[in-house]
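Hi everyone, thanks for coming. Let's walk through a structure together, one piece at a time.

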Amino acid sequence: MGSVPIYDPAAVESAWQARWAEQHTNEPDLEHPKNPFYNLMMFPYPSAEGLHVGNMFAFTGADIYGRFKRLQGHTVFEPIGFDAFGIHSENYALNIGAHPARLIPKNIATFRRQLQRFGGMFDWRHELSTTDPRYYKWTQWLFLQLFKAGLAFRKKAAVNWCPSCKTVIANEQVINGFCERHPDVRVEQRVLEQWFFAISKYAERLLGNLATLDWSPSTVAMQRNWIGRSEGAELVFEVPSGERIIVFTTRPDTVFGATYMVLAPEHPLVDALTAEEQRGAVREYRRQVAAKDIVSRKVGEKAKTGVFLGSYARNPATGEAIPIWIADYVLMEYGTGAIMAVPAHDTRDFEFAKQFSLPIRQVVRREGDPLPIEAEDGTLMSSSPFDGLPCAEAKRRIVAWLGGRGTATPRVQYRLHDWCISRQRYWGPPIPIIYCAACGPVGVPDRDLPVELPLIEDFRPDDSGVSPLARHREWYFVKCPSCGKEARRETDVSDTFLDSSWYFLRYPSSEIDDRPWDARRTKTWLPVSTYIGGNEHAVLHLLYSRFITMVLHELGHVDFEEPFPKLRAHGLIIKDGAKMSKSRGNVVIPDAYIQKWGADTFRMYLMFLGPFQEGGDFRDEGITGVRRFLEKVWTLAHEVADAPAHPLAPAVERKLHQTIHKVSIDTERLDYNTAIAAMMEYVNAVREEGTPSRGAIEPLLVLLAPFAPHLAEELWALFGHKTSVLAAQWPAYDERLAAAGDVEIVVQVNGKVRGRLTIARGATEADVRGLALADESVRKFVDGKPVKKAVYVADRLLNLVV
RNA sequence: GCGCGGCUGGCGGAACGGUAGACGCGCCGGCCUUAGGAGCCGGUGGGGCAACCCGUGGGGGUUCGAAUCCCUCGCCGCGCACCA
């Protein structure tokens, strides 16, 4: 037995990775699968830094699940790809003076190498990149499907403009109102014509369907929040000149307390409602608001500003004339862009009223609370004839009452805005539209797709407020596809989130070029069986993908409405109690760890840190424990490989079946940390028993295969198997064997543990009670008193109450 | 402000309402070694010689029995946020 070879992970792992590639181990037959299982993980953005430990954590967790499903008899498709378009790549390229078209392939090559090295069960035949014209041809096709269906439309909208970069920048690039790259330059807003997708039309369905999805509750909560449904009413406030100002409110019960009104500065009625003497002030205020960036306009907790228009509207409940103001705390994008202000019962209105000395009238009272701002559980006052009614009932009654006079309508409002997909940037798929003076915006015909992104060197955005492509007349001047006259291309590109909103549809059909996806394959493989990813995409990516799928379903392109019936969000890996970030200098690069410890050890260590769905704190001290465990398995396997077989010791057999049970359940639930702990316990038990046998180790290798795939293959082959361990059967759990032997029963007196009995399983309460009362320590605490009550949990516990 | 999570040894973390601290790290002691940063064996929540007592962020409750369920307060993390 002294001849156990040294465990050299690097050698074992590279040998098996080569063999998997050679034998196409991870390339399932997509046409004739047995029990198809589409195991999807969120594809990475290939940054220049390479795969980081968070990616690694996510992919390992997802890969374990895929391997587990395969061992359970599924044909598993586990694809990978790269989300390589977008502002991140473009900005990085600008910073280092490189071109994204040259940078991205390098980054992808690094990622590919790292993904192979960690041992993911990826089907590389179906790798894709969103920057590949063969891919974005269909992203453009998708845009056109929405365009033709009337779900893509043009609208003016404000964007952030950095006067120093001379470009449009993303909201994330605005830091406290300043440009992230020019900390002394204030960002402004500019209003441009942009393309939108009508996602808000689907708000109700996107919200309703959430109940049908098997998703992590936190993700569902975030989507629900984002969609933001609120019920209320539209109320009409009339102006003497005859104009009608419509407001949305969730608190129609407080209408008697509306002492003034506020319109968004951009509200279309502002000009009509501005009195002559206020024109100058109003113009100046609107100019100031427009000069602010979008982000800081929406950040609260600063002094309220606003201007009186010099005119009045009639409160439909009280008949009073109330002043009309404009203020930037009212947003044009939400509701009707106008509010009735009830300063007594809304914190923002309250602040504004104090700032400008406007009247505050309390109309809701609550016991012991002098001015219950925002209270919805009080009763009405000063609202005759509704005084004394609880708020909820008052809402209904007042809406009905005003409705009778034509000044109120019940209304549901969503926070979800239409999706602006235009980007005045270079690094993305050109939006496939041609503007013709005669025909208007015309979709590029399918036969002319893709509209290829030209390789231009001057991709830096400029002063003009439009995309860099707009500098290339030779590119954007084209003939109108419908009338043949001179026309010009749209020069904006589309949002990266459009690229990623459908990639899971492309994977199974990625080698097919004449259609976005093959109908039969899609029917076989979709919707996705399990989707695993981070909660950073809980709203945008996951909501957009749901929306796109819903539209494709409606247009008859796919036969399901929800792409991800089952989704699990993994947790975050932190380091020293804080999020990893370059600025903190606590970013862990996995390569060095894999080199030092091996991919199997690193994979298992990441999974052992904490619950997969909660994340964990990365400390490298702990990794030795996992390595020791794998060394023990290695040694045991070599010791028993050639030894004569002998039956399992009963204690080992029992533990084996308990372990099979626990690992099966925990892996299914993604509780990888406890599954690993169970395998460790088992190995400890085998070692304690002293004379290990092959039958004790062989099933363990299968349990271990999802977690440490290379080691499992190596030892599986050592046992003489000619096929991959993935072709093995997941070990069967025998409940009878797991339950064999004696049990320990805890004896409590008044709920405190006073003794333990070891007894054959299935003992009756009377037996246990007899033995318990014979126990000296139990007897001491019963102390001769009568047992008033006894609680017996079979094979577990007896509690005597005296 | 709203919505999710979370708070358990020195540390990461385990515990269908039923033995709190599995598993691992670290630490302590021993064995083996020229050596040990390798390996093996034993110990390791706090207090106490012991019998025992105390312990899951604080307070209250439900229960034979609560880390777990309910109420309440506090703290930490994440997401959203002048959304009317």
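Before we start, one term: helices (H or I, at least four residues) and strands (E, at least two) are DSSP runs, numbered from the N terminus.

Now some housekeeping. This is a predicted model, where local features need pLDDT of at least 70, side-chain atom pairs count only at pLDDT 80 or more, and totals for chains, interfaces and linings use all residues. Residues are numbered from 1 along each chain as its sequence is written, chains are lettered from A and ligands numbered from 1 in the order in which they are written, and side-chain values use heavy atoms, with hydrogens and water left out.

Let's take the overall view. Chain A has 27 helices and 35 strands. Along the principal axes, the C-alpha atoms of chain A fill a box of roughly 100 × 85 × 50 Å. I'll say "buried" a lot today: it means under 20% relative accessible area, while exposed means over 50% and partly exposed is in between (1.4 Å probe, protein chains only). Of the 802 residues of chain A, 53% count as buried. The other word is "contact", which means heavy atoms within 4.5 Å. If we take contacts in chain A between residues at least 6 apart in sequence, 72% of them join residues at least 24 apart.

Is Asn55 buried or exposed? Asn55 has a relative accessible area of 15%, so Asn55 is buried. Leaving aside neighbours within four places in sequence, Asn55 is in contact with Pro44 and Phe111. Gly54 is also found in helix 2, but Gly54 counts as partly exposed because its relative accessibility is 22%. The C-alpha atoms of Gly54 and Phe196 are separated by 33 Å, and these residues are 142 apart along the chain.

Next, the sheets. Two strands pair if DSSP finds at least two bridges between them. One open sheet has five strands in the order 2-1-27-28-10, with parallel pairing. Strand 2 (75-77) and strand 10 (214-215) stand at the edges with a single partner strand each, so one side of each has no neighbour in the sheet.

What packs on this sheet? Helix 2 (residues 53-71) does, touching strand 1, strand 2, strand 27 (530-534) and strand 28 (566-570). The direction of helix 2 makes about 175° with that of strand 1. For such angles, axes are lines fitted to C-alpha atoms, for helices over the stretch in contact, and angles run from 0 to 180 degrees between N-to-C directions.

Look at strand 1 (residues 36-41), which pairs with strand 2 in the parallel sense over three bridges. Pro36 stands opposite Thr75 in strand 2, and Tyr38 has Phe77 of strand 2 as its bridge partner. Five of the six residues of strand 1 are buried, so strand 1 is largely enclosed by the rest of the structure.

A second open sheet has four strands in the order 23-22-25-24, with antiparallel pairing. Its edge strands, strand 23 (440-443) and strand 24 (477-479), each pair on one side only. From one strand to the next, the twist averages 40°. Strand 22 (residues 433-436) and strand 25 (residues 486-489) pair in the antiparallel sense over three bridges, and Cys436 stands opposite Ala487 in strand 25. Helix 5 (residues 133-148) packs on this sheet, touching strand 22 and strand 23.

Now a quick stop at helix 3 (residues 87-96), where Ser89, Glu90, Asn91, Ala93 and Leu94 are buried. The buried residues of helix 3 pack against helix 4 (100-117). After helix 3 comes Gly97, whose phi is positive, near 70°.

Last stop: a pair of helices. Two packed helices are described by the angle between their axes and the distance between the axes. Helix 19 (residues 599-608) and helix 20 (residues 623-641) pack at about 125°, with axes 9 Å apart. Helix 19 and helix 20 are therefore oblique to each other (under 35 degrees counts as roughly parallel, over 145 as roughly antiparallel, 65 to 115 as roughly perpendicular and the rest as oblique). Residues making this contact include Phe602 and Tyr605 of helix 19 and Val626 and Leu630 of helix 20.
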